[in-house]
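Please consult the sequence and the structure as shown here.

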Amino acid sequence: MIRHTLGRLASTVFIAVVLAFFTLPMLWLASAPFDDTPSITTSIPEFTLRNFSAILENPYALGSIRNSLIQGGGAAALVVVLAALAAYALSRVRVPGRDVLLYLLLLLSSVVTGTAAMVPIFELATRLDLIDTHLGVILVVSGGLLPAAIFILKDFMDETPTSYEESARVFGASPLQILRHIAIPLVRPGLATIAVWALASVWGGFLFQFILLRDPDKAPGSVILYTLYTEGGAPKLDLISTFSLLYSLPVVAMYLFVSQRYGFRFHGGIKR
């Protein structure tokens, strides 16, 4: 009995420590923007809205959020469309070596990314005149996200029943009509998952955006956040905390909307 009580007490303490570890940074992010003198510790703030006024006076802050929406939204849309087409084809067409090819693409996309691929990507973007353009960023980040998106979405496609598609094919529906009117509605939870994941990946991305964009008017929030430091490298906690709060709101809102709509509880293409 004593051993059981001690075990439950230890597990409760462990869970409380883990929750505190993840909760304290969120409390700091929620309170520091309203603190007149924020510090790296969490405390009751000296309430002020001056930090928000300072961010609004920054010539690049709000524009960077718009740039993030353009780049993240464009990449998410491109990834969802291309991943849906590729996943449907890989799920329905029996190609020799299909699974091996899919795993190789996923492996290569995990290994050859980031700094390892930056030089050839930068050279290719330069030759295609994509430097300092939103399109260049969208294409580059979408290429890195596509293999994993196809891999995830193929599971949704595999779990959808094919009887509806066979009936539509009997009545003369084309493959694209079947995909649009039958397959896509069944895997909408999967498409929503891919969209949120792609947007969040681009939203928090820094390396490709920092390398490919030279004009600060086109830089996303993740790059502009890097400029909120003093010349000596010290962080301006009031500006960083305020901008971080504003910058996180669109992604949080999208997550809550999709979570409320689909619940993020699905099995294949059928929501439970």
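Buried means under 20% relative accessible area, exposed over 50%, and partly exposed in between (1.4 Å probe, protein chains only). The structure is a predicted model, in which local features need pLDDT of at least 70, side-chain atom pairs count only at pLDDT 80 or more, and totals for chains, interfaces and linings use all residues. Residues are numbered from 1 along each chain as its sequence is written, and side-chain values use heavy atoms, with hydrogens and water left out.

Q: Is Asp 129 buried or exposed?
A: Asp 129 is found in the loop between helix H5 (115-127) and helix H6 (134-159); helices (H or I, at least four residues) and strands (E, at least two) are DSSP runs, numbered from the N terminus. Because its relative accessibility is 62%, Asp 129 counts as exposed.

Q: How many helices and strands does the protein have?
A: Read along the sequence, the pattern is α-α-α-α-α-α-α-α-α-α-α-α-β-β. The C-alpha trace spans about 70 × 70 × 35 Å along its principal axes. The secondary structure comes to 12 helices and 2 strands.

Q: In which element is confidence lowest?
A: The pLDDT is the predictor's confidence in each residue, from 0 to 100; its mean for the protein is 82, and 92% of the residues reach 70 or more. Confidence is highest in helix H3 (residues 61-92), at a mean of 91. At a mean of 42, confidence is lowest in strand E2 (residues 270-271).

Q: How many contacts does the stretch of residues 265-272 have beyond near neighbours in sequence?
A: Over residues 265-272 the pLDDT is below 50. Where pLDDT is low, the predicted coordinates should not be read in detail. With contact meaning heavy atoms within 4.5 Å, the number in the model for this stretch, beyond near neighbours in sequence, is 21.

Q: What is the angle between the ring planes of Phe 34 and Phe 47?
A: Rings of Phe, Tyr and Trp (its six-membered ring) pair if their centres lie within 6.5 Å; planes under 30 degrees apart count as stacked, over 60 as edge-to-face and the rest as tilted. The structure holds 7 aromatic pairs. The pair of Phe 34 and Phe 47 is stacked, with 5.9 Å centre to centre and a plane angle of 5°.

Q: Where do Phe 34 and Phe 47 lie?
A: Phe 34 is partly exposed, because its relative accessibility is 24%. Phe 47, at 63%, counts as exposed. The two are 13 residues apart, and both Phe 34 and Phe 47 lie in the loop between H1 and helix H2 (50-57).

Q: Why is the pair of Phe 34 and Phe 52 tilted?
A: Phe 34 lies in the loop between H1 and H2 and Phe 52 in helix H2, so the pair ties together parts that are 18 residues apart in sequence. Phe 52 is buried, because its relative accessibility is 17%. Ring pairs link Phe 34, Phe 47 and Phe 52 into a cluster. The ring centres of Phe 34 and Phe 52 are 5.1 Å apart, and the pair is tilted because the planes stand at 45°.

Q: Which residues does Ser 241 touch, not counting residues up to four places away in sequence?
A: Ser 241 lies in helix H12 (residues 237-262). Its relative accessible area of 0% is why Ser 241 is buried. Not counting residues up to four places away in sequence, Ser 241 touches Trp 28, Leu 29, Ala 32 and Pro 33.

Q: Which residues does Val 223 touch, not counting residues up to four places away in sequence?
A: Val 223 has its place in helix H11 (residues 221-224). With a relative accessible area of 10%, Val 223 is buried. Not counting residues up to four places away in sequence, Val 223 touches Phe 206, Gln 209 and Phe 210.
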